[in-house]
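Welcome! Let us walk through this structure together, from the overall fold down to single side chains.

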Amino acid sequence: MNPLRHDFISSCHTLKPHSSPPKNLSYLDVGCGGGIFAESAARLPDTATITAIDPSSDVIEVARQHARRDPLLQEPGRLTYLNQAIEDLDVPGQPEEQYDVVTLFEVIEHINTPAPFLKTCLPFVKPGGWIILSTIARTWTSWLTTKVVAEDVVGLVPKGTHAWSKYINADELEKFFGAQREWGINGGMKTMGCVYVPGLGWRMVVGGEQWGNYFFGVRKDP
């Protein structure tokens with residue numbers, strides 16, 4: 001899944017008004033977990049800095065220990081882990097304090113009140129920057145695969161990991177951001193489904209957001 005995250009972010013940056021992918025990007029990775037995405041993003045040549053946050057002290061400690069293995073990640077400002085929720089961060093007052101990309105990977109489906117949570121994230125994005133997230137659509141196929149198969153039959157994740165009622169459909173996200181001022185105009189909104197193919201791994205599939213897992217990106221108007 002992680003390579004697809006980077007592919008999707010790159011595809012969002014190719015949308016107008018950008019004529020070429022931006023450089024020296026700053027990231028805020030919300031709900032970073034063990035740092036799989038944060039580490040990989042910090043190693044990219046077009047990344048200036050990444051701040052990765054998670055309210056779990058246990059996973060932040062795991063992420064910090066793993067990052068110590070790579071000297072590149074020890075460069076000042078390259079990768080910073082914070083044991084905080086986004087609600088605990090100071091709201092940026094100036095564009096230079098905001099981020100080019102705010103990521104929410106496999107986060108929103110665990111939030112009880114997603115609309116207020118997303119509104120909390122909005123001020124952290126620079127004009128022209130992006131919120132990029134991945135989540136699961138609320139469909140019968142996602143119920144079958146994530147609840148019945150993954151939790152009850154195969155046991156890939158503990159029972160109760162997911163609450164199907166919290167899943168969010170892509171059109172619901174589009175409606176939410178469409179109602180926000182200065183977000184998503186002029187083609188600054190993108191959705192792409194992704195499907196796990198046995199033997200091949202995760203693959204992007206046009207229209208896959210109607211089945212289950214998908215990426216969603218929305219740009220803050222420049």
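Which pattern does the protein chain follow when read along the sequence? The answer is α-β-α-β-α-β-β-α-β-α-α-β-β-β. That comes to six helices and eight strands, where helices (H or I, at least four residues) and strands (E, at least two) are DSSP runs numbered from the N terminus. Before going further, please keep in mind that this is a predicted model, in which local features need pLDDT of at least 70 and side-chain atom pairs count only at pLDDT 80 or more, while totals for chains, interfaces and linings use all residues. Residues are numbered from 1 along each chain as its sequence is written, and side-chain values use heavy atoms, with hydrogens and water left out.

Let us begin with the whole chain. Its C-alpha trace spans about 45 × 40 × 35 Å along the principal axes. The radius of gyration of the protein chain is 17 Å, which agrees with the value near 17 Å for a compact globule of 222 residues; this radius is taken over C-alpha atoms, and the globule rule is 2.2 Å times the number of residues to the power 0.38. Of the 222 residues, 47% are buried. Here buried means under 20% relative accessible area, exposed over 50%, and partly exposed in between (1.4 Å probe, protein chains only).

Now for the aromatic rings. A pair of aromatic rings is described by the distance of the centres and the angle of the planes. Rings of Phe, Tyr and Trp (its six-membered ring) pair if their centres lie within 6.5 Å; planes under 30 degrees apart count as stacked, over 60 as edge-to-face and the rest as tilted. By this rule there are seven aromatic pairs. In one of them, Tyr 27 and Phe 37 have ring centres 6.0 Å apart and planes at 65 degrees, so the pair is edge-to-face. Because Tyr 27 belongs to strand 1 (residues 25-30) and Phe 37 to helix 2 (residues 36-42), this pair ties together parts that are ten residues apart in sequence. Tyr 27 is buried at 2% relative accessibility, and Phe 37 is buried at 2%.

Phe 37 also pairs with Phe 105: the centres are 4.9 Å apart and the planes at 70 degrees, so this pair is edge-to-face too. It links distant parts of the chain, from Phe 37 in helix 2 to Phe 105 in strand 4 (residues 99-105), 68 residues apart. Phe 105 has a relative accessible area of 5% and is therefore buried. Ring pairs link Phe 8, Tyr 27, Phe 37, Phe 105 and Phe 215 into a cluster.

Next come the charged side chains. Side chains of opposite charge can pair when their charged atoms come close. A salt bridge is a side-chain nitrogen of Lys or Arg within 4 Å of a carboxyl oxygen of Asp or Glu, and the whole structure holds six salt bridges. One of them joins Glu 106 and Arg 5, at 2.5 Å from N to O. Since Glu 106 sits in the loop between strand 4 and helix 4 (114-121) and Arg 5 in helix 1 (residues 2-13), the pair ties together parts that are 101 residues apart in sequence. Glu 106 is partly exposed at 28%, whereas Arg 5 is buried at 11%.

Another salt bridge connects Asp 100 with Lys 126, the closest N and O atoms being 3.8 Å apart. Asp 100 lies in strand 4 and Lys 126 in strand 5 (residues 125-136), so this pair ties together parts that are 26 residues apart in sequence. Asp 100 is buried at 17% relative accessibility, while Lys 126 is partly exposed at 23%. Salt bridges that share partners also join Glu 39, Arg 43 and Asp 70 into one network.

Finally, have a look at helix 6 (residues 170-178), where Phe 176 is found. Phe 176 is buried, with a relative accessible area of 14%. Leaving aside neighbours within four places in sequence, Phe 176 is in contact with Ala 115, Leu 118 and Lys 119.

Terms used
Contact = heavy atoms within 4.5 Å.
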